[in-house]
Amino acid sequence: MDTHAELRASVRALCAPYGADYWREQDEKDGFPERFLEAFTAAGFTGALIPEAYGGSGLGLVEGAVILEEVHASGADGGVCHAAMNVMGALIHSGGEVLKARWLPQVANGAVKFLAFAVTEADAGTDTSRIRTTARRVDDHYVLNGTKLWISRALETDLMLVLVRTAPRQTDKRMNGLSVLLVDMREARGNGVEIGRVATMVNHNSTEILFDNLKVPTEHLIGGEGQGFRCIMQGMNAERILIGAECIGDARWFLDKAAAYARERRVFDRPIGQNQAVQLPLAQAHARTYAARLVVEQAARLFDEGKPCGVEANMAKLLASQASWEAGDACLKVFGGMGFARELGVERKFRESRLYAVAPLSNDLALTYIAERELGLPKSF
Ligand SMILES: Cc1cc2nc3c(=O)[nH]c(=O)nc-3n(C[C@H](O)[C@H](O)[C@H](O)COP(=O)(O)OP(=O)(O)OC[C@H]3O[C@@H](n4cnc5c(N)ncnc54)[C@H](O)[C@@H]3O)c2cc1C
């Protein structure tokens with residue numbers, strides 16, 4: 001039984017005015033969905049996971065997953081919602097009282113946009129320990145130098161988290177010496193931060209960021225100096241579970257569209273959906289989506305209960321991203337040539353859903369996690 005019918009209905013109502021045309025326009029111009037984000041925040045969803053004491057709704061990850069699944073099931077490109085709801089996780093879980101009290105209420109009510117987390121660099125993607133952006137402490141500031149790549153929404157956000165090296169990499173403890181800093185981008189742009197757009201297959205407002213002696217107050221350190229990896233680790237499970245929920249939403253959208261078209265489109269005097277070659281891939285994708293959704297829900301429940309959920313979070317992200325890809329492929333097949341027409345949104349969703357096999361963590365790495373933790377196999381890298 002779905003215990004969140006009301007929540008789902010309210011997300012659907014919020015998304016309804018933003019149809020295929022709205023998202024196609026954003027996609028075509030690499031636009032930022034400002035109006036949609038405003039509506040999302042006004043409805044209280046940006047603050048969904050922020051504790052009530054800081055002006056949020058204090059909901060759990062189960063509800064967060066429901067919200068993001070429905071956003072994606074509406075046909076939206078929900079990357080901005082994922083960011084709006086989840087990027088502040090490191091501040092909530094590892095930030096000091098002063099920082100939380102100062103920023104979280106403003107994030108919850110939309111006065112301040114908190115939409116970016118800069119980890120990846122050109123020479124450090126999957127191997128985070130290789131990042132070379134440094135933060136040197138000088139009196140009451142850190143001074144940042146380095147370059148980040150693939151950072152989504154750095155031009156649109158007010159606040160951004162940045163993972164930096166505050167101590168050199170050690171071979172035996174390679175994740176030590178990383179730290180997380182909160183950067184006020186409104187002050188930083190043009191004063192030590194230069195940002196360039198990166199053209200991409202999907203509209204993620206992707207950027208490259210150059211830090212050139214950017215000064216960040218030491219009080220903007222989150223989670224202790226050198227403890228940055230531990231700090232972002234806490235958020236990784238939540239992120240993977242939420243991405244899994246988004247993939248389930250994408251899969252549902254593909255299957256709804258495909259089934260409707262397969263019932264209506266007539267070729268050789270009968271609906272194409274009457275052919276088993278059309279039916280079976282859709283039924284297969286539906287079954288995989290159903291199974292993946294159970295894993296996403298289970299992972300979210302474990303997270304909310306404070307129980308270990310690393311394996312479940314990785315399985316959720318892996319299985320859900322595979323389910324959405326399979327559903328997308330089946331959907332494109334059903335639509336034939338029309339699947340390539342921009343106006344329907346199928347090709348856009350198809351491109352967007354492929355991202356989740358790669359980011360924020362590639363499925364290869366999710367599998368290595370499962371191999372090590374569940375099967376006791378030796379670490380492979
Ligand atoms: C649209 C978009 C938005 C993004 N937004 C952000 C953002 O906002 N912030 C941010 O910090 N980053 C962001 N990223 C970066 C993203 O997190 C990385 O692309 C991702 O982590 C993979 O890193 P990489 O691209 O360097 O791949 P690499 O690390 O170069 O890996 C390339 C391939 O090799 C495989 N591989 C590498 N090592 C192994 C191994 N040991 N075993 C098996 N397979 C392996 C990987 O699985 C992958 O398939 C974004 C990326 C994209 C495309």
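Helices (H or I, at least four residues) and strands (E, at least two) are DSSP runs, numbered from the N terminus. The views show a predicted model, in which local features need pLDDT of at least 70 and side-chain atom pairs count only at pLDDT 80 or more, while totals for chains, interfaces and linings use all residues. Residue numbers start from 1 along each chain, following its sequence as written.

**View 1. Secondary structure elements around the ligand.** At least two residues of the shell around the ligand come from each of β1 (114-118), β3 (141-152) and α13 (363-375). The shell consists of 24 residues, and the closest are V119, T120, G125, T126 and S362; a residue is near a molecule if its C-beta atom, placed from the backbone, lies within 6 Å of it.

**View 2. Residue classes and domains of the ligand shell.** The shell holds 13 nonpolar, 10 polar and 1 charged residues. Nonpolar means Ala, Val, Leu, Ile, Met, Phe, Trp, Tyr, Cys and Pro, charged means Asp, Glu, Lys and Arg, and the others, Gly among them, count as polar. The ligand shell lies between domain 2 (114-226) and domain 3 (230-375), because both give residues to it; the domain bounds come from an automatic or database assignment.

**View 3. Domain 1 against domain 3.** The C-alpha centres of domain 1 and domain 3 are 20 Å apart. Domain 1 gives 24 residues to the contact and domain 3 gives 26 residues, with contact meaning C-beta atoms, placed from the backbone, within 7 Å.

**View 4. The side of domain 1 that touches domain 3.** α2 (20-28), α4 (61-73), α5 (79-86) and α6 (89-94) each contribute at least two residues to this side. The largest share, 10 residues, belongs to α4. By class, this side has 9 nonpolar, 10 polar and 5 charged residues.

Note on methods
Two residues are in contact if their C-beta atoms, placed from the backbone, lie within 7 Å.
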